[in-house]
Amino acid sequence: MARESEASPDATLRAAPFGAAELADAQSEALTRIEAATDLASLEEAERQAVGKRSHFAGLYQQLRAFEPSERKDAGQRLQKVRRRLDEAITAKRAELTAAERVGRLAADRLDLTEVLPAARQGHLHLVTRVREELEDVFVGMGYEIAEGPEIETDWYNFQALNIPVDHPARSSVDTFFVEAAEAETLLLRTHTSPVQIHLLERRELPIYAVVPGLVYRRDTPDATHLPAFHQLEGLVVDRGVSFGDLAGTIETFVHAIFGETVRSRLRPAYFPFTEPSAEFEISCMICDGSGCRTCAGTGWIELGGCGMVHPAVFEATDVDPEEWTGFAFGFGIDRLAIMRHGIADLRSFIENDVRFLEQF
Ligand code: PHE
């Protein structure tokens with residue numbers, strides 16, 4: 001034990017040996033400093049003050065020499081024990097602060113893209129996208145699959161395989177965007193979704209019940225009823241014993257699902273190279289309910305798209321046996337359907353990105 005009263009003769013030049021109370025004080029003082037550290041920098045400072053060269057605790061080591069040799073070992077051991085206690089506290093505190101700083105850094109770096117700020121306006125899908133999804137739902141409900149095809153096509157898929165002859169006006173470069181990557185006028189932006197009929201028939205697992213939504217491109221100047229890039233929905237059904245009546249019934253069914261039961265549909269003879277017979281399908285004008293107005297040019301009817309029975313030449317191009325299989329196809333503009341249903345005056349509103357227009361739907 002340290003002697004507080006009775007110093008050895010040569011101890012007068014040295015500090016007095018420490019007692020149990022002083023050691024306990026030094027320990028709790030150091031622990032308090034360590035505990036008080038709030039970050040790694042202040043822990044380093046606390047460590048320096050608690051056990052550094054100039055610390056009260058380091059001073060106690062100096063005092064060891066003031067002990068009687070017989071007591072020095074014991075005093076040294078007590079000092080070591082405190083030192084270990086302090087080192088443990090520092091290590092534990094460092095681990096705690098390191099973890100806390102990591103959590104803090106992660107929190108600061110956090111970028112929550114799903115966060116909805118109360119003050120911000122919430123967006124929604126574009127009307128054309130919503131109408132497309134609605135159409136998909138209607139056809140999925142009728143047992144159709146949703147298919148896709150490439151927007152860059154070859155002349156074969158976009159025209160030839162669809163029985164569109166070389167001199168057909170639809171092939172002219174007046175209407176078609178060609179891609180310059182390949183030999184002149186061999187690659188193009190599809191002008192309709194009908195080439196996907198060919199892809200589906202080639203991938204053929206008959207029967208086919210598919211609808212194909214997608215972008216198509218035509219060299220048109222944008223105006224109220226034309227956009228150079230717009231959306232179509234193609235339908236293709238190939239099965240045994242499919243009739244024109246099935247086609248008419250399918251169109252009537254989806255028209256009712258999209259426009260409501262009061263709107264009627266009808267077919268009018270038309271011509272498409274890849275269907276025979278072909279028809280245009282029209283719906284009764286929902287502005288005047290068929291009595292004739294400006295929107296329907298006084299006819300009471302609005303044209304929606306084209307359709308018909310798959311032409312034998314298309315089956316031939318894709319090696320499908322026309323003796324066994326028959327089919328029908330239809331196609332129409334999704335954007336046009338959307339402006340009709342929502343009474344929108346101008347197709348260009350869809351691409352102008354004016355939020356005052358877009359947020360109405
Ligand atoms: N592809 C034609 C068009 O873009 C529409 C159509 C599709 C017609 C399928 C008949 C059958 O005008």
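1. Where is Ala 297 found? In this predicted model, Ala 297 belongs to the loop between S7 and S8, and its phi is positive, at about 55 degrees, although the residue is not a glycine. Most residues other than glycine have a negative phi, and most peptide bonds are trans. A colleague checking backbone geometry may wish to keep that background in view for the next point as well.

2. One joins Leu 206 and Pro 207, with omega at about 0 degrees, and Pro 207 is found in the loop between helix H7 (195–202) and strand S4 (208–217). Another runs from Glu 276 to Pro 277, with omega near -5 degrees, and here the proline has its place within a strand, namely S7 (residues 275–284).

3. As for the overall form, the secondary structure of the protein chain comes to 11 helices and 9 strands. The radius of gyration of the protein chain is 42 Å, whereas a compact globule of 361 residues would have a value near 21 Å. The C-alpha trace, taken along its principal axes, spans about 130 × 45 × 40 Å.

4. Turning to the ligand, the model places it in the largest pocket. There are 14 residues around the ligand, of which His 192, Ser 194, Arg 218, Gln 232 and Glu 234 come nearest. By residue class, the shell around the ligand divides into 5 nonpolar, 7 polar and 2 charged residues.

5. Which strands each supply at least two residues of the shell around the ligand? They are strand S5 (229–239), strand S8 (301–310) and strand S9 (326–333), and the largest share, 3 residues, comes from S9.

6. An N or O atom in the side chain of Ser 194 is 2.9 Å from a nitrogen atom of the ligand. On the oxygen side, a polar side-chain atom of Arg 218 lies 3.0 Å from an oxygen atom of the ligand, and a polar side-chain atom of Gln 232 likewise lies 3.0 Å from an oxygen atom of the ligand. Taken alone the ligand exposes 320 Å², and 89% of that is buried by the protein.

Methods. Residues are numbered from 1 along each chain as its sequence is written. This is a predicted model: local features need pLDDT of at least 70, side-chain atom pairs count only at pLDDT 80 or more; totals for chains, interfaces and linings use all residues. Side-chain values use heavy atoms; hydrogens and water are left out. A residue is near a molecule or strand if one of its heavy atoms lies within 4 Å of it. A polar contact is a pair of N or O atoms within 3.5 Å; within protein, one must be able to donate a hydrogen and the other to accept it, and residues adjacent in sequence count only if both atoms are side-chain atoms. Accessible areas come from the Shrake-Rupley method with a 1.4 Å probe; for residues, only the protein chains shown count as cover. On a 1 Å grid over the protein atoms alone, a cavity is a set of points where a 1.4 Å probe fits but cannot get out, and a pocket is an open set with protein on both sides within 12 Å along at least five of seven lines; lining residues have an atom within 4 Å of a point. A molecule sits in a cavity or pocket if more than half of its atoms lie within 2 Å of its grid points. Helices (H or I, at least four residues) and strands (E, at least two) are DSSP runs, numbered from the N terminus. Ala, Val, Leu, Ile, Met, Phe, Trp, Tyr, Cys and Pro count as nonpolar, Asp, Glu, Lys and Arg as charged, and the others, Gly among them, as polar. The radius of gyration is taken over C-alpha atoms; the globule rule is 2.2 Å times the number of residues to the power 0.38.
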